[in-house]
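Please examine the sequence and the three-dimensional model shown below before reading the report.

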Amino acid sequence: MNKPKVLVTRKWPAAIEEKLSKLYDVKLNKQDTPLSALELKAALQNYDAILATVTDRFTAEVLSVADRRTKIIANFGVGYDNIDIQAAKQYNLIVTNTPEVLTECTADLTMMLLLMSARRAAEGERLIRRRQWHGWSPTHQLGQKVSGKTLGLIGFGRIAQAVARRAHHGFGMQILFSDPFVPAQDIVEELQAQRCDTIDELLTEAHFVSLHCPGGKATRHLINERRLKLMRPTAHLINTARGDVVDSRALIKALQQQWIAGAGLDVYEGEPNIDQDLLALENVTLLPHLGSATEETRLAMGNRVLDNVTAFFAGQNPVDRVA
Ligand code: DGY
């Protein structure tokens, strides 16, 4: 029997590519160049499974291609807003993601951004590299204290809870959250977390706000000009979720006019293209979508995709099925 034809859209950890190559008739992407809409359409016509990721935009239009061969899109990533799930369901396409395995590293990076933003770390680093640091001074580059402050989490799923654990147990922070879903009572008790009835209430109260909601139409520009104006002038906004949750023009205005003290961003609207005005600002820390970028986590993500695809080809229901 012929092996299933599998496309891996980007370069993956070598150990996973090796395993995949033994099991399937695999096409790898050694150059690691993102695929265009046309290439994705051709892939849908030519492969049984597509092992995709955040840079592959499976819009309704792309998915509607004639003579579709693909039966499963196994996404390397927990977020799957790059795939139009309604359209995938309409075409009986199975979609899977990689939850859990990236929770801890993404939470670590969120805390790193929070600390960097609060303590103006990137700004200090730039100063030294420009050879503009003239020595210690009592009033030089003062930031905000983190320990004991209030952290507001918008979205209170796995990653937000892991951030809350670090912030509460490690930094003695009070935790506020806003989420349409009700979290397990033992977690709320462990973290002494308080639910806010509205996002507006959370934004008004918190010293630090971190975004952990899914991307997509429902959360696009959830953080807009009106909401940024509700935040404290000393507050910091951290985004390790998805770029389009924040109206980036409104955020730039908020940072330029100091409605808030700073922002720490790992994700961007229209990434990897970053607004020039954002680059010009000192009070923003910018990372290139590194949330899950550790060797251990990327291996674990690859293995999770492998499990999902293997289950599918064995006629089972993949564990991480989202469509
Ligand atoms: C995730 O897992 O959602 C990362 O942001 C990469 O897609």
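The report that follows treats a pocket, the cysteines, the aromatic rings and the backbone in turn.

## Basis of the report

The model is a predicted one, in which local features need pLDDT of at least 70, side-chain atom pairs count only at pLDDT 80 or more, and totals for chains, interfaces and linings use all residues. Residues are numbered from 1 along each chain as its sequence is written, and side-chain values use heavy atoms, with hydrogens and water left out.

## The second largest pocket

Rolling a probe the size of a water molecule over the atoms shows where empty space is left. On a 1 Å grid over the protein atoms alone, a pocket is an open set of points where a 1.4 Å probe fits, with protein on both sides within 12 Å along at least five of seven lines; its lining residues have an atom within 4 Å of a point. Grid points are joined across faces, edges and corners, and a volume is the space filled by probe spheres set on the points.

The second largest pocket holds about 200 Å³ of space. Its lining includes Leu7, Lys27, Leu35, Glu39 and Tyr47. Helix H2 (residues 37-46) gives the largest share of this lining, 3 residues; helices (H or I, at least four residues) and strands (E, at least two) are DSSP runs, numbered from the N terminus. By type, the lining consists of 6 nonpolar, 2 polar and 3 charged residues. Here Ala, Val, Leu, Ile, Met, Phe, Trp, Tyr, Cys and Pro count as nonpolar, Asp, Glu, Lys and Arg as charged, and the others, Gly among them, as polar.

## Cysteines

How many disulfides does the structure hold? There are 0 disulfides, a disulfide being a pair of cysteine sulfur atoms within 2.5 Å. The sulfur of Cys196 has its closest cysteine sulfur in Cys213, 14 Å away, which is too far for a bond.

Cys196 is buried, at a relative accessible area of 4%, and Cys213 is buried at 10%. The term buried means under 20% relative accessible area, exposed means over 50%, and partly exposed lies in between (1.4 Å probe, protein chains only).

## Aromatic rings

The whole structure contains 4 aromatic pairs. Rings of Phe, Tyr and Trp (its six-membered ring) pair if their centres lie within 6.5 Å; planes under 30 degrees apart count as stacked, over 60 as edge-to-face and the rest as tilted. Phe156 and Phe177 are stacked, with 4.2 Å from centre to centre and 15° between the planes. Phe156 lies in the loop between strand S6 (150-154) and helix H7 (158-171), and Phe177 in strand S7 (residues 174-178), so the pair ties together parts 21 residues apart in sequence. Both Phe156 and Phe177 are buried.

The ring centres of Phe312 and Phe313 are 5.1 Å apart and their planes stand at 70°, so this pair is edge-to-face. Phe312 is buried, whereas Phe313 is partly exposed, with a relative accessible area of 29%. Together with Tyr24, Phe312 and Phe313 form one aromatic cluster.

## Charges over rings

A charge sits over a ring if NZ of Lys or CZ of Arg is within 6 Å of the ring centre and within 35 degrees of the ring normal. Lys5 lies over the face of Tyr47, 4.9 Å from the ring centre. The charged end of Arg68 sits over the ring of Tyr91, at 4.1 Å from its centre.

## Backbone features

Glu271 and Pro272 are joined by a cis peptide bond, with omega about 10°. Pro272 is placed in the loop between strand S11 (262-265) and helix H12 (276-279).

Arg131, a residue other than glycine, has a positive phi near 60°. Arg131 counts as exposed, at 75% relative accessibility.
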